[in-house]
Amino acid sequence: MDRRSLFETTATLGLGALAGCALPGVAQTAARTPFSVPATTVPIVGSDLVFPVRRIYCIGRNYAAHAREMGSDPTREPPFFFQKPTDAIQNVAPGTVADHPYPTLTRNYHYEVELVAALHQGGRNIPIASALDHVYAYAIGLDMTRRDLQRALGDEKKPWEIGKSFDRSAPIGPLHLASQTGPFAKGGIWLKVNGVLKQNANLDQMIWSVAEQIAKLSEAFELMPGDLIYSGTPENVGPVVRGDVIDCHIDGLPNLGIRIV
Ligand code: MN
């Protein structure tokens, strides 16, 4: 940088700072916004507190039989992850059946029941042995999927964003503190549509455990408090249409219910 450009830069910065200080009636510390954006939170059972959601991570093909039904070989694939936008969350109270809108653009709308881990500690390169210390709570969730768009985009080697990461694609029940539930290393996980059992498996059939998912994710991203991890779905995913009622269950958690409208 020569003398002239250095001088100009300094002068510009000085003028800007002076103007900022001199403006009457303008807050200098807190930025004001022209409108507000609602924060995404998830209720915590037995508490007045709500969990602030920072990011939603999802693992793909984490049960061998589901990986096979999606056309991949589960024995050779490392875990892969994608994200949903934070406001994809649809909170569903236990004992209720929440209306869930059938999304636009799809003709093959699928359910995927999943265990969700909620983090209260972050980090990079988290060891598997201490990974579960980062889990604050667990919940039952649905990774709703526009399967036709996910497949078509994947076939075209395009991002599958609109197949997975759309509005209200992440229904979730309230959080249950890990200090009270303990880890969910095993236990039944099932999903019914209109009372008919569709998905039925055990959490111990996950290819990558929740601890391993946290360890792997933290190699790619710095995890933070407020992150949710959808831990993958068992086999026998399938379509729903308007009017269908989905009832999902994980042993140790209240059921999650939605009606497609
Ligand atoms: Mn999923």
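**Exercise 1. Classify histidine 100 as buried or exposed, and describe its surroundings.**

Solution. Step 1: the relative accessibility of histidine 100 is 1%, so the residue counts as buried (under 20% relative accessible area; exposed is over 50%, partly exposed in between, with a 1.4 Å probe and protein chains only). The model is a predicted one, in which local features need pLDDT of at least 70 and side-chain atom pairs count only at pLDDT 80 or more, while totals for chains, interfaces and linings use all residues. Residues are numbered from 1 along each chain as its sequence is written, and side-chain values use heavy atoms, with hydrogens and water left out.

Step 2: histidine 100 belongs to strand E6 (residues 98–100). Strands (E, at least two residues) and helices (H or I, at least four) are DSSP runs numbered from the N terminus.

Step 3: beyond neighbours within four places in sequence, the contacts of histidine 100 include Gln90, Met144, Arg168 and Pro171, and also Ile258, Arg259, Ile260 and Val261 (contact: heavy atoms within 4.5 Å). Arginine 259 is 159 residues from histidine 100 along the chain, yet their C-alpha atoms are 5.7 Å apart.

Step 4: the side chains of histidine 100 and tyrosine 109 form a polar contact of 2.6 Å. Such a contact is a pair of N or O atoms within 3.5 Å; within protein, one must be able to donate a hydrogen and the other to accept it, and residues adjacent in sequence count only if both atoms are side-chain atoms.

**Exercise 2. Which residues coordinate the manganese ion, and where do glutamate 112 and aspartate 143 lie?**

Solution. Step 1: Glu112 (OE), Glu114 (OE) and Asp143 (OD) coordinate the manganese ion at 2.0 to 2.1 Å. Donors are N, O and S atoms within 2.8 Å of the metal (3.2 Å for Na, K and Ca); water is not among the atoms, so sites may look incomplete.

Step 2: along the chain, the donors have the spacing E-x1-E-x28-D. Glutamate 112 sits in the loop between strand E7 (109–111) and strand E8 (113–119), and aspartate 143 in the loop between strand E9 (135–142) and strand E10 (145–146), 31 residues apart.

Step 3: both glutamate 112 and aspartate 143 are buried.

**Exercise 3. How many cavities of 30 Å³ or more are there, and what lines the largest cavity?**

Solution. Step 1: the count is 3 cavities of 30 Å³ or more. On a 1 Å grid over the protein atoms alone, a cavity is a set of points where a 1.4 Å probe fits but cannot get out, and lining residues have an atom within 4 Å of a point. Points are joined across faces, edges and corners, and a volume is the space filled by probe spheres set on them.

Step 2: the largest cavity, of about 100 Å³, has 15 lining residues, with Gly60, Arg61, His66, Glu112 and Lys164 nearest its centre.

Step 3: strand E3 (55–60), strand E4 (80–84) and helix H4 (147–155) each give two or more residues to this lining.

Step 4: the second largest cavity has a volume of about 50 Å³, and its lining includes Gly60, Arg61, Ile207 and Trp208.

**Exercise 4. Where does arginine 61 lie?**

Solution. Step 1: arginine 61 is in the loop between E3 and helix H2 (64–69).

Step 2: its phi is positive, about 45 degrees, although arginine 61 is not a glycine.

Step 3: arginine 61 counts as partly exposed because its relative accessibility is 27%.

How values were computed: On a 1 Å grid over the protein atoms alone, a cavity is a set of points where a 1.4 Å probe fits but cannot get out, and a pocket is an open set with protein on both sides within 12 Å along at least five of seven lines; lining residues have an atom within 4 Å of a point.
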